[in-house]
Amino acid sequence: MKRPKRARREHALGWILTGPAMFLLGVFVVAPVLLVLVLTVFDYDPFTHAFQFVGLRNFQRVLPSHELWQATVNTIEYTAITVPVTLGGGLVVALLIHGLSRGAGFWRSVYFLPVAATLTAMSVVWRFLFYPGSGLVDSTLGGWFGLRDWLDSTSLALPAVAVVGSWAGLGSAVVLFLAGLSAVPAHLHEVAALDGASAWHRFWTVTWPALGPATVFTLVLTVRDALRVFDQVRVMTDGGPLGSSQTLSVLLWQRGIKFLDIGGSSVVNLVLLTILLGTTLLQLRTFGRRWETAGTR
């Protein structure tokens, strides 16, 4: 049965409109992923461009390695530190800014500045703040709590990097939560206030359910960025000391760029991609219904 002429025209128009986006998606997303899958079973020399099929040999030497498991644990630990701080801090700051009668635009710009700034340059500044002895952190927290020489400590290097990651991600979370707060109907707060509901009860019964879509979207982006952390680790610690702050992205860079182990770095890349896809699907399966129902409980 032939489609009506109008339906065929609309179908062709749909392909024309979505064609450029699908082409770019294929070139910059699908093709690199397929290339990574191919490189995991080859030994590639970037100088001679020679390919040698090695089968599962790259997996056999990389997957059991201590550095891969340490980098995976560090990445998960970094994510566990930064995500709650970024989400919780972003929500609190967004509520405070949203409640201002004056100056909301100014404070919104102030908290969004870290997002607009280059993270690599800001990491250099933070490195000086954590500088042993003369840095601001050693001069304050070091004297108060005895926490000194963070970047050269196997127990403090990763938390130091996590501080920078939380600070950098706070601005995006604030903006996303502010967008969610602006969509909360004002009359619902007025009705709840007339019924005698306290500020906490108005937040819990009105504001928080309506923030469902914004919360899920912010959570997915924050977890994704945390799992892919690279810039501040590379600038501040380069994965040290003794690999205590080495993440999967840093290990990927070291194997692929520093040691030219293209096959091994592709395996690390595949591990990181699997974790990213797994966590994203888990979040959408767990919280996705609230997103789809626009935050209703």
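Let me start with the lining of the largest pocket, whose residues divide into 14 nonpolar, nine polar and three charged, where Ala, Val, Leu, Ile, Met, Phe, Trp, Tyr, Cys and Pro count as nonpolar, Asp, Glu, Lys and Arg as charged, and the others, Gly among them, as polar. This is a predicted model, in which local features need pLDDT of at least 70 and side-chain atom pairs count only at pLDDT 80 or more, while totals for chains, interfaces and linings use all residues. Residues are numbered from 1 along each chain as its sequence is written, and side-chain values use heavy atoms, with hydrogens and water left out.

The largest pocket holds about 500 Å³ of space, and among its 26 lining residues Leu119, Gly165, Ala168, Gly169 and Asp225 lie nearest the centre. A pocket here is an open set of points on a 1 Å grid over the protein atoms alone, where a 1.4 Å probe fits, with protein on both sides within 12 Å along at least five of seven lines, and lining residues have an atom within 4 Å of a point. With seven residues, α7 gives the most to this lining; helices are DSSP runs of H or I, at least four residues long, numbered from the N terminus.

Turning to the second largest pocket, we find about 390 Å³ of space and a lining of 17 residues, with Pro32, Val33, Val36, Leu252 and Asn269 nearest its centre. The helices α1 (5-39), α12 (248-258) and α13 (262-292) each supply at least two residues of that lining, which divides into twelve nonpolar, four polar and one charged.

Notes:
Grid points are joined across faces, edges and corners, and a volume is the space filled by probe spheres set on the points.
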